[in-house]
Amino acid sequence: MDNTLFEQVDQYIGHLLAPEDKALIDTTASTEAAQIPLISISPVQGKLLQVFARACNAHRILELGTLGGYSTIWLARALPAGGKVITLELEPTHAAVAQKNIDNARLADKVEIRVGRAMEVLEQMIASGEAPFDLVFIDADKPPYKEYFQLALRLSRQGTIIICDNVVRNGSILETGHNDERVTGVQRLNEYLGQCREVTATILQMVGMKEYDGMAIAVVEQPQ
Ligand code: SAH
Ligand code: DHB
Ligand code: MG
């Protein structure tokens, strides 16, 4: 597919509605310099996360998959005073780069990075009675996406918005019997969303400067 037009329109939208400041540009540069893969969301996607965070007046945000902190910065900037993003990251090197970028963006008081396997950290959060989140952004490893979503439900209240990145993956989700666990992982989530009574959900296809992909958007109707 010729993505030039989609990329150009994404640049146009970003220029008008999601311009990057120095802290965001530095975040991408430092992620690249640390030889961490550049798989962060785009500026326009960052702005979409902000729109959802503002729409639900989010004070408490949970993120799975910090990378260099790019999406974390967009999310933290949508918080009111006293608000918090808790972001989970497996790789200590990613977490260290992200912490520097968050400090550089003067968001240290609004962001807490927890290093560890998301599955274990989420189980601990549930066991310790962590207060429910207003918005959850799932963007860590793809194979356990359904399990992450189910754990996110247990950290939700009625009205919590749960957003999952990378659920279209260039359309590869149409293929059955795929041998890539990242594809079968998001297929399992998508199928679950279709029959999960606890949420109202849809999937947005996304084109632009990143690969053809999509995000699932769910609102919690009734916590488990
Ligand atoms: N949200 C980021 C991109 C995240 S990329 C942004 O848009 O800027 C996915 C991240 O999830 C990587 O940093 C990877 O190290 C992390 N990750 C992979 N497996 C994980 C796991 N089991 N638990 C927590 N984080 C994990
Ligand atoms: C991958 C992961 C992501 O979160 C993303 O947005 C793009 C690609 C990946 O693991 O390939
Ligand atoms: Mg992603």
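Visitor: Is N166 buried or exposed?
Guide: Buried means under 20% relative accessible area, exposed means over 50%, and partly exposed lies in between (1.4 Å probe, protein chains only). N166 has a relative accessible area of 15%, so the residue counts as buried.

Visitor: What kind of model is this, and what pLDDT do local features need?
Guide: Residues are numbered from 1 along each chain as its sequence is written, chains are lettered from A and ligands numbered from 1 in the order in which they are written, and side-chain values use heavy atoms, without hydrogens and water. This is a predicted model, where totals for chains, interfaces and linings use all residues, side-chain atom pairs count only at pLDDT 80 or more, and local features need pLDDT of at least 70.

Visitor: Which residues coordinate the magnesium ion (ligand 3)?
Guide: Donors are N, O and S atoms within 2.8 Å of the metal (3.2 Å for Na, K and Ca); water is not among the atoms, so a site may look incomplete. Along the chain the donors follow the spacing D-x25-D-N. At 2.0 to 2.1 Å, the ion is coordinated by D139 (OD), D165 (OD) and N166 (OD1).

Visitor: How far is an oxygen atom of ligand 2 from an N or O atom in the side chain of N166?
Guide: A polar contact here is a pair of N or O atoms within 3.5 Å; within protein, one must be able to donate a hydrogen and the other to accept it, and residues adjacent in sequence count only if both atoms are side-chain atoms. D165, which is buried at 3% relative accessibility, has a side-chain N or O atom 3.2 Å from an oxygen atom of ligand 2. For N166, the distance is 2.8 Å.

Visitor: How much of ligand 1 does the protein bury?
Guide: A polar side-chain atom of S71 lies 2.8 Å from a nitrogen atom of ligand 1, and a backbone N or O atom of A118 lies 2.9 Å from a nitrogen atom of ligand 1. Taken alone, ligand 1 exposes 580 Å². By the Shrake-Rupley method with a 1.4 Å probe (for residues, only the protein chains shown count as cover), the buried part is 91%.

Visitor: What phi does Q35 have?
Guide: Helices (H or I, at least four residues) and strands (E, at least two) are DSSP runs, numbered from the N terminus. Q35 is in the loop between α2 (22–33) and α3 (43–55), and counts as exposed at 73% relative accessibility. Although Q35 is not a glycine, its phi is positive, about 60°.
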